[in-house]
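Q: I would like to learn how to read the features of a model such as this one. Please take them one at a time, with the general idea before the case.

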Amino acid sequence: MKTSVYSELPLWEKLINKVMIYYQTVWSEKKCTSINHKNWLSNFKDEEKLNSLYLLSKFMFFGQDEIRELLVSIFRDKYKYGIVYSIRKNNGDTKDEGFIQMKFDEKLSTTRFVSLGSSSESGSLLLYIFRQVNKLGTRFMKSSAEILNAGKLSEPGINMYIFIDDFCGSGETAIRNAGLIKKIKSLRPDIVIHYYSLFATSEGLKNINDSKLYDKTETIFKLDESFKCFSSNSRYYTDKITDIDKDVTEKFSNSYGLPLVLGTPIEGHPLGFNDGQLLISLSHNTPDNSLPIFWSDKNWFPFFLRYTKIH
């Protein structure tokens, strides 16, 4: 078999070519130019640059189009399909589309989709896009603060609340709803409460399930242990490549990460919050579970800048 010209290129040139393709495709909405990776690589010593470039070539960015498709999937796959299946099953496997739609609309009318956090956080933006792409009315959308009114349910006829989240790292944000959920359940024990996220780590999902706050926890894109870039079963280092060293990369990522997170909400987590070690960024922000060497701007050139929440 004839070897391609590309496979004969030096590793550095291969990785640069890969990055340049990302500029034209998945990173295009960030309006990146070659100066982005050059500035970012200037953070590192010469002997660290190849390993750094290798990490950059593995980084996952999800733009607005991808986020919209994932929000369509949440409504269709995690919510609608299950209800339609139950309607058909309970009605002799009917294929009457008009009847199915009528019953589905009845179920939808008693469901509310809820944003996590305050109106100034990403949850409200996510819910806005969720409503748009799924062609839903505003009455189906609620903020956490709108569920209760003077200690009582603001809409007594609602039978299901679904909390929508973009990213679940440790599960801490979802579990922070404990007071609200327990209050809802104390008023109406039969109300069903679900938690759906676009992305979630295995650990985060486990923490939420262990809390037993939600009747059901779902995600579209599950990030298992292999997505931790320096884990023993990391998906990024399955092939032995000369001059690419996971241990060396972890060491300098940790060394640079310590001062980058000093004085921040994730101080003491040089490889990302809760030792996240992730290589992921979303169109509206970069999770702090990703490596700080990619998103910090603390005397550092970031590539996927994170907009840190100011409390």
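A: Helices (H or I, at least four residues) and strands (E, at least two) are DSSP runs, numbered from the N terminus. The model is predicted: local features need pLDDT of at least 70 and side-chain atom pairs count only at pLDDT 80 or more, while totals for chains, interfaces and linings use all residues. Residues are numbered from 1 along each chain as its sequence is written, and side-chain values use heavy atoms, with hydrogens and water left out. By the DSSP rule the protein chain has eleven helices and nine strands. One of the helices is α4 (residues 64-89), which contains D65.

Q: What does the C-alpha trace span along its principal axes, and what percentage of the residues is buried?
A: Buried means under 20% relative accessible area, exposed over 50%, and partly exposed in between (1.4 Å probe, protein chains only). The areas come from the Shrake-Rupley method with a 1.4 Å probe, and for residues only the protein chains shown count as cover. Here the C-alpha trace of the protein chain spans about 65 × 50 × 35 Å. Of the 311 residues, 48% are buried.

Q: Which residues gather in a patch of negative charge on the surface?
A: Patches are made of residues with over 30% relative accessible area and no salt bridge; like charges are joined within 9 Å, and nonpolar side chains (Val, Leu, Ile, Met, Phe, Trp, Tyr) within 5 Å. Lys and Arg count as positive and Asp and Glu as negative, with His and the chain ends not counted. The place of a charge is taken as NZ of Lys, CZ of Arg, CG of Asp or CD of Glu. In this model the negative patch brings together E29, D65, E66 and E69. D65 counts as exposed because its relative accessibility is 59%. E29 is found in the loop between α1 (11-24) and α2 (34-41), and at 32% relative accessibility E29 counts as partly exposed.

Q: How far apart are E29 and S283 in sequence and in space?
A: E29 and S283 are separated by 254 residues in sequence, but their C-alpha atoms are 8.3 Å apart in space.

Q: How many salt bridges does the count come to?
A: Side chains of opposite charge can pair when their charged atoms come close. The rule for a salt bridge is a side-chain nitrogen of Lys or Arg within 4 Å of a carboxyl oxygen of Asp or Glu. That rule gives 13 salt bridges. One of them joins E106 and K103, with the closest N and O atoms 3.7 Å apart. Both residues lie in helix α5 (residues 97-109), three residues apart, which is about one turn of the helix. E106 is partly exposed at 41% relative accessibility, and K103 is partly exposed at 31%.

Q: Where do K142 and E155 lie?
A: K142 and E155 meet through their side chains in a salt bridge (3.6 Å, N to O). K142 is in strand β3 (residues 141-143) and E155 is in the loop between β5 (152-153) and β6 (160-168), so the pair ties together parts 13 residues apart in sequence. K142 is buried, with a relative accessible area of 19%.

Q: Which distant parts of the chain does the pair of D275 and K228 link?
A: D275 and K228 form a salt bridge whose closest N and O atoms are 3.9 Å apart. D275 is in the loop between α10 (246-261) and β9 (280-282), K228 is in the loop between β8 (216-223) and α10, and the two are 47 residues apart. D275 is partly exposed at 35% relative accessible area, whereas K228 is buried at 16%. Elsewhere, K78, K216 and E218 are linked in a network of salt bridges.

Q: How many aromatic pairs does a search of the whole structure find?
A: A pair of aromatic rings is described by the distance of the centres and the angle of the planes. Rings of Phe, Tyr and Trp (its six-membered ring) pair if their centres lie within 6.5 Å; planes under 30 degrees apart count as stacked, over 60 as edge-to-face and the rest as tilted. The search of the whole structure finds 30 aromatic pairs. The rings of F61 and F304 are stacked, because their centres are 6.0 Å apart and their planes are at 25°. F61 lies in strand β1 (residues 60-62) and F304 in the segment after α11 (292-295), so the pair ties together parts 243 residues apart in sequence. F61 is buried at 7% relative accessibility, and F304 is buried at 0%.
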